[in-house]
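Please look over the model shown below. This report covers its ligand site, its sheet and a few selected residues.

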Amino acid sequence: MTSTDLRVGVVGAGLMGADHIARITKRISGAVVSAVIEPDEGRGTAALQNAPGAQWFTSIEDAIAANAVDAVVIATPGKFHEPVLLPALAAKLPILCEKPLTADSASSLRVVEAEMAASDRPLIQLGFMRRFDAEYARLREIIASGEAGELLALRAVHRNPDVPETYTQDMLINDSVVHELDVIPWLAGSEIRSIEIKYMRRNPNSPERLREPILVLLELENGILVDVEMNVSIKFGYQVATEAVFSNGLARIGQANGLQTWSDGAFAKEEHRSFVTRFAAAYDVQIQRWVDAVARGTIDGPDAFHGYRVALACEAGVKAFDGGIVEVQQVERPAFYDKA
Ligand code: ISE
């Protein structure tokens with residue numbers, strides 16, 4: 001650690017929090033984990049193994065009162081974000097908040113208002129990591145440049161091998177499709193106008209409480225149609241892929257790119273089993289760019305107002321479980337968010 005390193009408090013030491021703690025300690029320059037904020041003692045002390053010199057706190061308020069952090073990474077489940085975001089904003093701390101911003105649009109709006117009241121510039125960057133994946137960035141360039149002609153449609157698949165017991169039906173949208181609700185407007189340069197959901201044939205592996213896989217159909221403001229297969233019980237592995245259909249051709253991202261083996265007359269390629277490995281490089285780039293941006297007094301990624309828009313799209317998505325085409329409420333972006 002050097003005296004200029006950003007002292008980061010990581011809130012939540014579950015799968016994602018522990019991964020960010022290891023990342024900041026081992027691979028990120030200009031930052032150090034100075035605090036692990038986690039109510040569960042077992043998880044908190046386990047996480048400290050990867051954060052030499054860090055202190056353990058059970059609440060964000062205690063870490064702020066002890067002057068232990070210059071910035072915060074929030075990696076708890078979305079429903080716990082608001083009570084961490086509000087005191088961190090009041091203390092004017094830069095924040096990298098894992099997706100989603102909060103559990104619903106009303107609380108997301110409260111966070112946006114608290115941010116505008118606390119600071120003269122955005123403090124929150126949202127952890128939508130796909131934007132930092134090299135293939136997503138290249139696809140966005142191809143779309144924007146027009147080099148393959150006009151974009152006609154996007155076809156996406158989002159497949160998980162399984163999900164934990166805490167995963168509920170609404171999480172198909174609020175926890176999983178939320179990534180597409182972020183990245184599709186970013187890729188296509190157009191907001192989401194409406195959402196429709198169709199139920200695919202039930203997977204016998206699906207837990208009793210879930211009705212899935214689902215097919216999510218998005219219509220964008222510019223008329224582009226996007227279909228997303230969301231599937232969380234497909235056993236074989238973790239797969240996130242998109243095909244872009246242009247007037248002059250196709251582009252595909254997210255194809256399996258692991259170890260190739262030839263054996264017993266067969267060819268095989270390794271597939272990911274979790275988002276932790278599939279997006280490892282994107283998470284590294286995201287955190288490094290956030291740390292560098294904080295040093296410049298800014299953010300470098302999606303902001304809280306975008307998180308509010310995504311929350312509105314999620315609400316439309318959850319309504320669409322009951323059938324029909326559901327319009328997404330459109331909101332005007334305050335000039336405050338152009339200060340980043
Ligand atoms: C999880 O929270 C993620 O963010 C993953 O990227 C997604 O694939 C998964 O479905 C979510 O539960």
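In what sense do E11 and E12 pair, and over how many bridges? The two strands pair in the antiparallel sense, over 4 bridges.

## Basis of the model

This is a predicted model: local features need pLDDT of at least 70, side-chain atom pairs count only at pLDDT 80 or more, and totals for chains, interfaces and linings use all residues. Residues are numbered from 1 along each chain as its sequence is written, and side-chain values use heavy atoms, with hydrogens and water left out.

## The ligand site

Helices (H or I, at least four residues) and strands (E, at least two) are DSSP runs, numbered from the N terminus.

Polar side-chain atoms reach oxygen atoms of the ligand from several residues. For Lys-99 the distance is 3.0 Å. For His-179 it is 2.8 Å. For Tyr-238 it is 2.7 Å. Taken alone, the ligand exposes 300 Å², and the protein buries 89% of that. Accessible areas come from the Shrake-Rupley method with a 1.4 Å probe; for residues, only the protein chains shown count as cover.

## The sheet

An open sheet is formed by 7 strands in the order E12-E11-E7-E10-E9-E8-E15, with mixed pairing. Its edge strands are E12 (250–253) and E15 (326–327), each pairing on one side only. Two strands pair if DSSP finds at least two bridges between them. Strands of a sheet pair through backbone hydrogen bonds, either parallel or antiparallel.

E7 and E11 run antiparallel and are joined by 8 bridges. Leu-154 has Ala-244 in E11 as its bridge partner. E11 and E12 form a hairpin with 3 residues between them. Across that pair, Glu-243 stands opposite Arg-252 in E12. Further along the sheet, E9 (residues 214–220) and E10 (residues 225–231) pair in the antiparallel sense over 6 bridges. There, Leu-218 is partnered by Val-226 in E10.

Why is E11 described as largely enclosed by the rest of the structure? Because 7 of the 8 residues of E11 are buried. Buried means under 20% relative accessible area, exposed over 50%, and partly exposed in between (1.4 Å probe, protein chains only). Thr-242 is found in E11 (residues 239–246). Thr-242 is buried, with a relative accessible area of 4%. Not counting residues up to four places away in sequence, Thr-242 touches Tyr-136, Leu-139, Leu-154, Arg-155, Ala-156, Ala-251, Arg-252 and Ile-253. Contact means heavy atoms within 4.5 Å.

Ala-156 is found in E7 (residues 151–159). Ala-156 is also buried, with a relative accessible area of 3%. Beyond its neighbours within four places in sequence, Ala-156 is in contact with Asp-227, Val-228, Glu-229, Ala-241 and Thr-242. Ala-156 and Arg-252 are 96 residues apart along the chain, and their C-alpha atoms are separated by 9.7 Å.

## Two buried loop residues

Ile-224 lies in the loop between E9 and E10. Is Ile-224 buried or exposed? Ile-224 is buried, with a relative accessible area of 7%. Setting aside residues up to four places away, Ile-224 touches Leu-151, Leu-152, Ala-153, Leu-154, Leu-218 and Glu-219.

Glu-38 sits in the loop between strand E2 (31–37) and helix H2 (41–48). Glu-38 is buried, at a relative accessible area of 4%. A polar atom of the Glu-38 side chain lies 2.9 Å from the backbone nitrogen of Asp-40. A polar contact is a pair of N or O atoms within 3.5 Å; within protein, one must be able to donate a hydrogen and the other to accept it, and residues adjacent in sequence count only if both atoms are side-chain atoms. Residues that Glu-38 touches, not counting those up to four places away in sequence, include Gly-12, Arg-43, Trp-56 and Thr-58.
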